Amino acid sequence: ALENYQRASELGDTTDTANLDRLMRIHSQMSELYIRQRLPELMLEESRIAADLAWKIGDVRSALILESRKCYALYNEKKYKACIAEALRLHDLFVLHGFEQDALLKYSQCIKCCLEMGDFSNAKRFIDRYETCKYFKEKPQNVVGGIGALYRFKGQYYLGIGYADSAGFYFQKANSFNEKRNNLLLNYKGLYKTYALKHQADSVLKYTQLY
């Protein structure tokens, strides 16, 4: 796939504005493939090229979404404070350009970072804001991980503050919405930790095996 995208990008005429939208999509899809291959430097380079093209054709929303992939790299590098700062910067840019609902989705990166740092009070504050995004009901396809991601964040928050029953409730709820393996993986991880907190050995074994 990458070889063919590369050939396509080389054939694209950058002097013809009619081709810029197609080139933007080619580089964006290459960026997606590099995410799957866990190659962050190549992912960021392709995202930068695609974002530049999106700005040139006036596709502001796509440009900001592509720039948001920097948050993915910062989070994976465990640069949590930098990731939060970048997510909030992008949040403000989405609002500035009139994309309020997309702006709310940027809080997901803040939530993930706060949970990793054990900053549960700020995690809850960002969860409350994230939950107000209308996409959860109107356009769930626009949300990475769908509504299951919201429930998993809630499960992780309650697990972090020691509320095992509430954590288990939300992890199970997340399971009913998440079908992708990486999402289920995180749910099962949360569930075995939850049942460990409740000293329920059979359930710990079950979800450890599923994880």
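**Note on salt bridges and one helix pair**

1. Arg-25 and Asp-21 sit four residues apart in helix α2 (residues 20-36), so about one helical turn separates them. Helices here are DSSP runs of H or I with at least four residues, numbered from the N terminus. The side chains of the two residues meet in a salt bridge, 3.1 Å from N to O. A salt bridge means a side-chain nitrogen of Lys or Arg within 4 Å of a carboxyl oxygen of Asp or Glu. Arg-25 is partly exposed at 45% relative accessible area. Asp-21 is also partly exposed, at 29%. The cut-offs are under 20% for buried and over 50% for exposed, with partly exposed in between (1.4 Å probe, protein chains only).

2. This is a predicted model, in which local features need pLDDT of at least 70 and side-chain atom pairs count only at pLDDT 80 or more, while totals for chains, interfaces and linings use all residues. Residues are numbered from 1 along each chain as its sequence is written, and side-chain values use heavy atoms, leaving out hydrogens and water.

3. How many salt bridges does a search of the whole structure find? The search finds 11. One of them pairs Asp-128 with Lys-124, with the closest N and O atoms 2.9 Å apart. Both residues lie in helix α9 (residues 120-130), four residues apart, about one turn of the helix. Asp-128 is partly exposed at 35%. Lys-124 is partly exposed at 27%.

4. Glu-131 bridges to Lys-154, with closest N and O atoms 2.8 Å apart. Glu-131 is in the loop between α9 and α10 (135-138) and Lys-154 is in helix α11 (residues 146-160), so this pair ties together parts 23 residues apart in sequence. Lys-154 counts as buried, at 13%.

5. Shared partners also link salt bridges into a network: Glu-45, Arg-48 and Asp-52 are joined this way.

6. Helix α3 (residues 40-56) packs on helix α5 (residues 69-76) at about 165 degrees, with axes 9 Å apart. Axes are lines fitted to C-alpha atoms over the stretch in contact, and angles run from 0 to 180 degrees between N-to-C directions. The two helices are therefore roughly antiparallel, a label for angles over 145 degrees.

7. Met-43, Leu-44 and Ser-47 in α3 meet Arg-69, Lys-70, Tyr-72 and Ala-73 in α5. Contact means heavy atoms within 4.5 Å. By class, this contact has four nonpolar, one polar and two charged residues. Nonpolar covers Ala, Val, Leu, Ile, Met, Phe, Trp, Tyr, Cys and Pro; charged covers Asp, Glu, Lys and Arg; the others, Gly among them, are polar.

Methods:
Angles under 35 degrees count as roughly parallel, over 145 as roughly antiparallel, 65 to 115 as roughly perpendicular and the rest as oblique.
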